[in-house]
Amino acid sequence: MARAPAPALPPPPAASGLAWLRRRLFATWFDAIVTVLAGAALVWLLAALIDWAFLDAVWSAEMRERCRETAGACWAVIEARGRLILFGLYPHEAHWRSTLACLIVVATMVLSCLPAFWGMARLAGLWLAGFGGFVLMMHGGLFGLPVVTTEQWGGLSLTVFIFAAVVVLGMPMAVVLALARRARLPVVAGLAALIIDTVRGLPLLTILFAAAVVAPLALPDWAQGDKLGRVIVAFAVFYAAYQAEIIRAGLQSIPPGQEEAALALGMPWRSVVFDILLPQAFRNTLPATINQVVITFKETSIVTIIGFFEVTASASAAIGRGEWGAYYVEVYVFVALIYFVFVFGLSRYGAWLERRMRLIRG
Amino acid sequence: MAEPAIRMRGVVKRFGGFTALDGIDLDVARGERLVLCGPSGSGKSTLIRCINRLDVHDEGMIVVEGVELGDEDAAIRAVRREVGMVFQSFNLFPHLTVLENCALPRMRARGTPRAEAEALAREQLSRLRVADQAAKYPDALSGGQKQRVAIARALCIEPRIMLFDEPTSALDPEMVGEVLEAMVMLAEGGMTMICVTHEMGFARRVADRVVFMEGGRIIEQAPPERFFSAPAAAQTRRFLGQVLGR
Ligand SMILES: Nc1ncnc2c1ncn2[C@@H]1O[C@H](COP(=O)(O)OP(=O)(O)OP(=O)(O)O)[C@@H](O)[C@H]1O
Ligand SMILES: [Mg+2]
């Protein structure tokens with residue numbers, strides 16, 4: 001039975017800017033009052049912020065006397081203490097090495113975000129080179145570069161290095177844990193579950209503290225390694241426990257027919273996992289993964305507690321010394337901006353990936 | 001007599017306490033086209049899934065192209081390379097293009113270099129008349145196209161046996177024809193085939209033998225003429241009455 005289509009409704013009236021304003025912001029007297037008050041507060045806040053951050057601010061360390069008089073920000077503290085914030089206790093004359101090392105790691109991160117580098121062999125090669133370059137620059141001891149021990153590493157390059165190393169070490173661990181947890185052998189699955197649940201049950205601080213302070217007492221000399229190394233491995237295990245559960249959720253969301261089809265085609269187990277299951281698991285859990293990575297970046301600041309001068313610790317040190325003590329707000333704003341650049345970059349990258357995958361899925 | 005493509009002897013499969021296959025004896029000759037039918041839950045899927053060991057049988061013996069299925073991984077993969085399978089729900093890989101869906105399994109299963117595997121994939125895709133879809137992702141295809149891609153993907157491994165598990169059941173009626181047509185083409189090419197299907201027209205036209213199952217046992221098997229005109233068992237008659245609406 002054919003039915004005539006219903007007559008088309010008239011198109012909605014084109015919303016002019018003014019009409020929109022009236023409907024959304026000034027619909028009733030009450031709405032209008034709230035809109036005006038909120039608008040005024042916003043303008044006032046913005047004006048105050050601009051005054052503080054720009055118009056009344058003191059920029060140069062030579063004019064530090066003026067900092068006491070002005071109501072604005074004293075950015076002079078960044079000029080005076082910036083190196084301490086960015087490099088921590090790293091020897092002054094070798095700051096260029098720390099800068100270069102930091103750039104190497106950031107470049108490696110950016111490169112591994114490009115689809116052209118997505119492949120086990122390529123990523124492994126890239127990160128070996130990246131970390132090799134970082135350690136060579138930071139530690140020295142080759143090509144006439146004087147040795148700088150890890151106790152002296154600090155500031156932004158330490159933050160970035162810890163973050164990158166934790167994620168790069170932790171991700172394969174997470175994959176192994178997630179796969180082990182769904183293994184057919186109950187012993188393997190049980191062990192993986194035990195590790196994941198135990199690690200997730202402990203605070204990060206406890207784990208890092210154990211790695212830094214307790215492990216040297218328990219481990220034989222040859223297995224102790226460097227304190228920074230131990231802390232990174234412990235941190236990576238912590239990250240892996242959470243990431244493993246994300247990956248497992250991703251694996252569970254794949255219909256069983258996918259694995260069956262791959263097996264039925266005669267593909268070997270390794271290929272079923274790496275070509276069929278894991279790519280889909282990561283796709284399905286991309287927002288959660290990006291979230292976990294961002295959390296990890298911010299959590300790197302916790303290594304302060306066990307005596308590493310990552311960027312927040314060196315910021316505290318920078319203001320701790322008498323003459324600049326009053327300008328901690330400026331210093332923390334500066335550090336917050338550094339974090340923001342990284343975290344914002346990460347989340348934009350995540351959004352781009354999701355868009356790209358939606359396109360692929362048609 | 002020549003060695004059959006598939007030999008099953010006393011095959012039993014249990015799920016927990018439930019016996020899904022209850023002593024299956026079945027030989028399938030090379031080049032034979034078998035249609036497997038029976039009511040829902042009778043064990044048809046389980047039977048063909050035991051042939052490529054997606055399900056592991058508990059008792060009895062299964063020999064495929066001269067290789068006995070056991071725990072040995074190499075033997076299982078060797079059998080799977082000889083046995084292609086097409087599922088009701090297509091199971092295409094959504095993160096790969098149609099071309100990659102066909103080429104990648106070939107590369108991984110038989111170690112074929114990419115260029116050669118892609119050439120093979122294009123050949124099979126055009127045989128199934130979906131060559132123009134090669135660059136698309138599966139989500140962009142119609143059901144009939146998906147199932148034809150799935151058939152092409154299985155053929156890329158160059159199997160000697162093809163298993164079909166209700167390949168047209170998830171399709172809109174207007175797309176059933178194009179998939180059946182592809183299966184007829186394969187049958188005419190001499191492929192050994194086991195098809196679980198309720199398409200009795202297909203069975204009449206293509207099958208050498210129709211096998212009827214119920215309760216995990218083979219109740220009756222006969223060439224299609226006799227199967228449809230003079231079924232011996234009461235269960236078969238009841239089943240045919242339901243499917244053919246008589
Ligand atoms: N993984 C499983 N676990 C438990 N029971 C199962 C499993 N797979 C199948 N069964 C049971 O085994 C019996 C046979 O199932 P099978 O899928 O082989 O039937 P079928 O003949 O293919 O039915 P249909 O026409 O509905 O596809 C059914 O009763 C089913 O419930
Ligand atoms: Mg079935």
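Analyst: A nonpolar patch joins nonpolar side chains (Val, Leu, Ile, Met, Phe, Trp, Tyr) within 5 Å, from residues with over 30% relative accessible area and no salt bridge. In this predicted model, A:Leu18, A:Trp20, A:Leu21, A:Phe26 and A:Val36 form such a patch, with about 490 Å² of accessible area together (Shrake-Rupley method, 1.4 Å probe, only the protein chains shown counting as cover for residues).

User: Which helix gives the largest share of the nonpolar patch?

Analyst: Helices are DSSP runs (H or I, at least four residues) and strands likewise (E, at least two), numbered from the N terminus. Here helix α1 of chain A (residues 17-25) supplies three residues, the largest share, and A:Leu21 is found in that helix.

User: How many residues of chain B are in contact with chain A?

Analyst: Contact means heavy atoms within 4.5 Å, and 23 residues of chain B are in contact with 19 residues of chain A. The buried area (accessible area, 1.4 Å probe, that two parts lose on being put together, summed over both) is about 1900 Å², of which carbon and sulfur atoms give 62%.

User: What is the count of salt bridges between chain B and chain A?

Analyst: A salt bridge is a side-chain nitrogen of Lys or Arg within 4 Å of a carboxyl oxygen of Asp or Glu. The count between the chains is two, including one between B:Arg49 and A:Glu260, whose closest N and O atoms are 2.9 Å apart.

Analyst: Residues are numbered from 1 along each chain as its sequence is written, and chains are lettered from A and ligands numbered from 1 in the order in which they are written. Local features need pLDDT of at least 70 and side-chain atom pairs count only at pLDDT 80 or more, while totals for chains, interfaces and linings use all residues, and side-chain values use heavy atoms, with hydrogens and water left out.

Key
Patches are made of residues with over 30% relative accessible area and no salt bridge: like charges are joined within 9 Å, nonpolar side chains (Val, Leu, Ile, Met, Phe, Trp, Tyr) within 5 Å.
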